[in-house]
Amino acid sequence: MVDAARARKLADRIQQIVAEMLERRIKDPRLGFVTVTDTRITNDLRDATVYYTVYGSDGERAETAAALESAKGVIRSEVGRKTGVRHTPSLTFVMDSLMENAAHIDDLLAKARARDAEVAKAAQDASPAGDANPYREPASAEDDDLDDLDEDDVDDDADFDGHDATDGGEDDRSGRPPS
């Protein structure tokens with residue numbers, strides 16, 4: 001096993017070599033407008049996967065895949081010569097679905113924008129279902145009655161349990177005789 005930094009450097013170098021080869025040395029007429037997007041290599045440095053995109057129709061993509069497959073040996077020998085590793089990794093070309101994913105995300109975003117516009121349009125003419133602030137209650141007649149209570153109406157000597165605690169401040173329920 002090789003450390004991840006070395007594997008990543010080798011993958012980047014392979015990506016550069018393959019892109020240069022496709023641009024300058026491979027003259028296959030089936031090869032379309034190819035962009036090498038990423039390269040990943042296994043930890044044992046034996047297999048490299050090269051991801052690419054092609055602009056064009058499905059037929060052009062299929063022709064480009066066939067051209068890359070036929071040029072795989074030439075590209076692999078050039079990778080081995082320029083990298084100098086003991087075992088040249090085998091190359092696998094995989095069509096990157098980046099463009100399809102980007103188009104799908106754009107469609108989803110367009111749908112979300114349309115729904116947001118519909119909600120905003122419906123919200124313009126809408127009114128709240130209840131009161132403007134359901135948590136505030138206006139002062140009622142009951143609140144006024146509580147304010148008008150006299151001191152005579154409230155028994156200050158009453159305990160929390162309703163017993164009178166004015167007999168020397170002791171409760172007769174304590175179980176001790178009064179002193």
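R8 and D12 stand four residues apart in helix α1, and are therefore separated by about one helical turn; they form a salt bridge in which the closest N and O atoms are 2.7 Å apart. A salt bridge here is a side-chain nitrogen of Lys or Arg within 4 Å of a carboxyl oxygen of Asp or Glu, and by this rule the count comes to 11 salt bridges. The model is predicted, so that local features need pLDDT of at least 70 and side-chain atom pairs count only at pLDDT 80 or more, while totals for chains, interfaces and linings use all residues. Residues are numbered from 1 along each chain as its sequence is written, and side-chain values use heavy atoms, with hydrogens and water left out.

**Salt bridges**

- R8, with a relative accessible area of 38%, is partly exposed, and D12 at 33% is also partly exposed (buried means under 20% relative accessible area, exposed over 50%, and partly exposed in between, with a 1.4 Å probe and protein chains only).
- R8 forms a salt bridge with D38 too, the closest N and O atoms being 3.5 Å apart; because R8 lies in helix α1 and D38 in strand β1, this pair ties together parts that are 30 residues apart in sequence.
- D38 counts as buried, at 16% relative accessibility.
- In helix α3, K82 and E78 are four residues apart, or about one helical turn, and their salt bridge has its closest N and O atoms 3.6 Å apart.
- K82 is partly exposed at 29%, whereas E78 is buried at 6% relative accessibility, and both belong to a network of salt bridges that links E20, R25, E78, R81 and K82.

- Helices (H or I, at least four residues) and strands (E, at least two) are DSSP runs, numbered from the N terminus.
- The 22 residues of α1 should span 32 Å at 1.5 Å a residue, and its end C-alpha atoms, 30 Å apart, agree with this (the expected span is 1.5 Å times one less than the number of residues).
- The buried residues of α1 are A7, L10, A11, I14, Q15, I17, V18, M21 and L22, and what covers them includes β1, β2, α2, α3 and β3.
- α3 has 12 residues and reaches 16 Å from its first C-alpha to its last, close to the 16 Å expected.
- The buried residues of α3 pack against α1 and β3, where contact means heavy atoms within 4.5 Å.

**Nonpolar core**

- The largest nonpolar core has 26 residues, and those with the most contacts inside it are I14, V18, L22, I41, I75, L91 and F93 (a nonpolar core is a set of buried Ala, Val, Leu, Ile, Met, Phe, Trp, Tyr and Cys residues joined through side-chain atoms within 4.5 Å).
- The elements giving two or more residues to this core are α1, β1, β2, α2, α3 and β3, and the largest share, eight residues, comes from α1.
- Leaving aside residues up to four places away in sequence, I41 touches A7, L10, A11, I14, D47, A48 and P89.

**Backbone**

- L45, found in the loop between β1 and β2, has a phi near 60°, a positive value in a residue other than glycine, and counts as buried at 9% relative accessibility.
- Most residues other than glycine have a negative phi.
- G84, which follows α3, also has a positive phi, near 75°.
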